[in-house]
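Work through the exercises below with the structure in view. Each task is followed by a solution in steps.

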Amino acid sequence: PQDLEIQNLTKKFDAFTAVDDVSFSVPAGSFFSILGPSGCGKTTIMRMVAGFIDPTSGDIRIKGRSVLDTPPNKRPVNMVFQHLALFPMMNIAENIGYGLRRKGVAKDEITRKVGEVLERIGLPDIGQRKVDELSGGQKQRVAIARCMVLEPDVLLLDEPLGALDLKLREHMKVELKTLQAAFDTTFVYITHDQSEALVMSDQIAVMNHGRFEQVGTGQELYYRPQSAFVAGFVGDSNRWRGKVTRAKAGQLQIITEAGLTMTGNNHRRDLSVGDAADIYVRPEAIRISRSADDLAQFENKMSGTVASLLFNGAASRLILKTESGEEIEVTLPQSGEFAGVGRGDTLHFGWSGEQAN
Ligand code: ADP
Ligand code: MG
């Protein structure tokens with residue numbers, strides 16, 4: 001069953017099209033993210049789903065029924081904003097019970113439901129505390145509890161981790177995914193941060209200039225990007241610009257601007273010989289060696305000198321500079337074999353065409 005179905009949704013502000021013919025559906029109980037750069041139209045989609053603004057055209061269905069004629073407060077959706085908007089004058093229990101009180105739910109019932117939801121977010125004892133006595137992560141959980149106590153079919157989250165510091169954000173990624181599973185409710189999450197989307201989502205829609213570029217699992221987007229935008233926006237990549245010299249169903253060969261021949265997967269099938277095309281290779285797909293012989297099995301081989309070493313623990317990187325002046329980013333292997341590598345050393349590197357897009 002689909003909890004949320006968006007059909008050909010478009011929003012124009014005068015002549016400017018902020019959301020351009022977007023369609024997607026979100027299965028019940030799943031975590032769906034919309035990932036895209038600032039200004040691409042994410043919040044505008046959310047505001048239409050929540051009912052704060054009307055679409056120019058298209059339909060929004062929740063549990064099979066169009067909600068376009070339903071006012072915001074009657075829609076079975078709820079929204080968590082970036083600035084959580086907890087009420088500082090109320091204690092935590094009052095904050096969480098606010099929506100229920102407005103609905104006229106009986107006092108005992110509110111106390112019971114608030115207790116249940118506090119239990120569910122793993123903070124059973126904080127009901128009497130004040131908002132400013134909570135940590136950033138606790139406030140985040142309370143903001144979600146305040147929505148979930150109303151038992152929405154769909155929870156919308158608009159960049160809720162934006163205001164947190166890096167360490168807490170890392171922690172909250174895992175936490176949000178856990179909360180979503182605990183409530184077994186459909187979450188639609190918007191973010192410009194690819195790592196948030198990759199960690200939490202069952203499905204991700206990559207958005208650019210009001211349109212969806214690709215919808216898929218994190219792995220599909222990462223390993224099979226279907227557009228240059230997706231390849232560049234989701235994860236880091238080395239990119240070579242070139243022209244197609246051979247196009248088969250599964251494989252593409254290009255010649256780069258510097259005259260190098262390279263092969264990669266051909267996911268886009270609409271390319272033919274002579275077309276401009278880019279090849280993207282993930283830093284971790286590149287093998288490096290001091291000897292060219294070790295790389296004999298790869299279709300794509302080059303050499304370069306070490307321009308810099310970027311130590312970052314498990315994600316340490318090397319930047320290699322080729323003779324033609326290109327800079328290639330390579331993930332440093334964890335074997336320790338390259339412990340002695342220094343700036344200016346010459347290294348050989350290669351990758352399989354299977355691992356390039
Ligand atoms: P995002 O959330 O992805 O950062 P938004 O959905 O907030 O992007 O905005 C998308 C585009 O629509 C932006 O260019 C923004 O300036 C424009 N926009 C949003 N709301 C309005 C509005 N009420 N009137 C005119 N333009 C708007
Ligand atoms: Mg926004």
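Two strands count as paired if DSSP finds at least two bridges between them. The model is predicted.

**Exercise 1. Describe the open sheet: what is its strand order, and which strands are at its edges?**

Step 1. The open sheet has six strands, in the order 6-7-8-3-9-10. Its pairing is mixed.

Step 2. Strand 6 (77-80) and strand 10 (211-216) each pair on one side only, which makes them the edge strands.

Step 3. From one strand to the next, the twist averages 20°.

**Exercise 2. Take strand 7 and strand 8: do they run parallel or antiparallel, and how many bridges join them?**

Step 1. In general, strands of a sheet pair through backbone hydrogen bonds, either parallel or antiparallel.

Step 2. Strand 7 (residues 154-158) and strand 8 (residues 186-191) run parallel and are joined by five bridges.

Step 3. To place one position in this pair, find Leu155, which stands opposite Phe187 in strand 8.

**Exercise 3. Find how helix 2 and helix 4 cross, and which residues meet there.**

Step 1. Locate helix 2 at residues 92-102 and helix 4 at residues 136-148. Their axes come within 7 Å and cross at roughly 35°.

Step 2. The crossing is right-handed.

Step 3. On the helix 2 side, the contact has Ile92, Asn95, Ile96, Tyr98 and Gly99; on the helix 4 side, it has Val142, Ala145 and Arg146. Sorted by kind, the residues of this contact are five nonpolar, two polar and one charged.

Step 4. Helix 4 also lies across strand 6 and strand 7, and its direction is at about 165° to strand 6.

**Exercise 4. List the buried residues of helix 2 and say what they pack against.**

Step 1. A residue is buried if 20 or more other C-beta atoms lie within 10 Å of its own. In helix 2, Ile92, Asn95, Ile96 and Gly97 are buried.

Step 2. These buried residues pack against helix 3 (107-120) and helix 4.

Step 3. Just after helix 2 comes Gly104, with a positive phi of about 80°.

**Exercise 5. Which residues surround ligand 1, and which helix gives the most to the shell?**

Step 1. The residues around ligand 1 are Phe13, Ala18, Gly36, Ser38, Gly39, Cys40, Gly41, Lys42, Thr43 and Thr44.

Step 2. Helix 1 (residues 42-50) gives the most to this shell, with three residues.

Step 3. By kind, the shell divides into three nonpolar, six polar and one charged.

Technical notes
Residues are numbered from 1 along each chain as its sequence is written. Chains are lettered from A and ligands numbered from 1 in the order in which they are written. This is a predicted model: local features need pLDDT of at least 70, side-chain atom pairs count only at pLDDT 80 or more; totals for chains, interfaces and linings use all residues. Axes are lines fitted to C-alpha atoms, for helices over the stretch in contact, and angles run from 0 to 180 degrees between N-to-C directions. Helices (H or I, at least four residues) and strands (E, at least two) are DSSP runs, numbered from the N terminus. A crossing is left-handed if the near helix is turned anticlockwise from the far one by less than a right angle, and right-handed if clockwise. Two residues are in contact if their C-beta atoms, placed from the backbone, lie within 7 Å. Ala, Val, Leu, Ile, Met, Phe, Trp, Tyr, Cys and Pro count as nonpolar, Asp, Glu, Lys and Arg as charged, and the others, Gly among them, as polar. A residue is near a molecule or strand if its C-beta atom, placed from the backbone, lies within 6 Å of it. A residue is buried if 20 or more other C-beta atoms lie within 10 Å of its own, exposed if 12 or fewer, and partly exposed in between; C-beta atoms are placed from the backbone.
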